[in-house]
Amino acid sequence: MTKPPLTLYLAAPRGFCAGVDRAIKIVELALDRWGAPVYVRHEIVHNKFVVDGLRAKGAIFVEELSECPDDRPVIFSAHGVPKSVPTAAQARNLVYVDATCPLVSKVHIEAQRHADNGLQMIMIGHAGHPETVGTMGQLPEGEVLLVETPADVATVEVRDPAKLAYVTQTTLSVDDTADVVAALQQRFPLIVGPHKEDICYATTNRQEAVKAMAPKCDAMLVVGAPNSSNSRRLVEVGARAGCQYAQLVQRATDIDWRALDGISSIGITAGASAPEVLINEVIAAFDAHYDVTREMVETAVENVEFKVPRVLREPA
């Protein structure tokens, strides 16, 4: 039986970013240096396949520092942590390694600098997301106000409209964030923004590739986890850019083949915490069902690399 033809558009860049790559490497190097178990506060990155792989090597994932024993190293996830967490680790003399993405750390530094200059912070982000919790936790309670939408901007109560600055979660939709920033600037004309936008290069690049790919596709799949903010934004960006059917899948077994019946083209991309092995698994599933012609949609080339902390680079 002949397989139906399908054009498979592959977005580039896609998948792992430098911050995720570094965070995973930190856990692996910590296991090499100190042996198992190594404790990790919160999922190191938002991907079940990655987390399960590290768990099999001896990483133990916990939600709070109080779940970690005194005699084993602990790693803080790529999303960042409130200031209270390293303070508590130091108080217990714990060996800890901070795997916070350097681009998230940049936002933390920015928030502290604005606070030092007497400005109250407004954070554009998703309530409850670990990155938002970590950034808001850099300053005392009440010093960082959270807004998610332009509607939130209309009701936010600030101390002094003339002494405000804003930061953003690094994994947001570029377009949605622009709407919230515009609302902030309209209501608070003196608000101070970042020198360079906080949304990270990897989030921006993956969204741009999806925008270029989406109009060509009958359907689009984003390989990523349901709790991955940047993966979910890619689905939204694809739908908004003209793709009729845009869905998130964790791996090939999640593909809804009935929903894809009759398509002649599909776009595939992946969130910044999805490993290439899962992307290849999804591509292989399409190879099995269709006579596939592949086309790359490349909008940027990434060559960013972040060093691991010095403690893991020095000989034991």
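The largest pocket holds about 290 Å³ of space. Please bear in mind that this is a predicted model.

Which residues lie nearest the centre of that largest pocket? They are Asp-98, Thr-100, Ser-105, His-108 and Gln-138, out of 14 residues that line the pocket. Helix H4, residues 102-116, makes the greatest contribution to this lining, namely five residues. By class, the lining of the largest pocket comprises six polar, five nonpolar and three charged residues.

I turn now to the second largest pocket, with about 210 Å³ of space. Its lining is made up of 15 residues, and nearest the centre are Phe-16, Cys-17, Ala-18, Asp-21 and Val-304. Helices H1 (18-34) and H8 (201-213) each supply at least two lining residues, and H1 has the largest share, with four. In this second lining, seven residues are nonpolar, seven are charged and one is polar.

Finally, helix H10. Buried in H10 are Leu-278, Ile-279, Val-282, Ile-283, Ala-285 and Phe-286. These residues lie on the same side of H10, because they cover an arc of only 150° around the axis. An α-helix has 3.6 residues a turn, so residues three or four places apart point the same way.

What covers the buried residues of H10? The cover includes helix H2 (48-57) and the strands S1 (5-12), S9 (219-223), S10 (245-249), S11 (265-270) and S12 (291-298).

Definitions and conventions:
Residues numbered from 1 in each chain as written. Predicted model: local features only at pLDDT ≥ 70, side-chain atom pairs only at ≥ 80, totals over all residues. Heavy atoms only, no water. 1 Å grid on protein atoms, 1.4 Å probe; cavity = no way out; pocket = protein on both sides within 12 Å on 5 of 7 lines; lining within 4 Å. Points joined across faces, edges and corners; volume = space filled by probe spheres on them. Nonpolar A, V, L, I, M, F, W, Y, C, P; charged D, E, K, R; others polar. Buried < 20%, exposed > 50% of the residue type's maximum accessible area, 1.4 Å probe, protein only. Arc of directions from axis to C-beta. Contact = heavy atoms within 4.5 Å.
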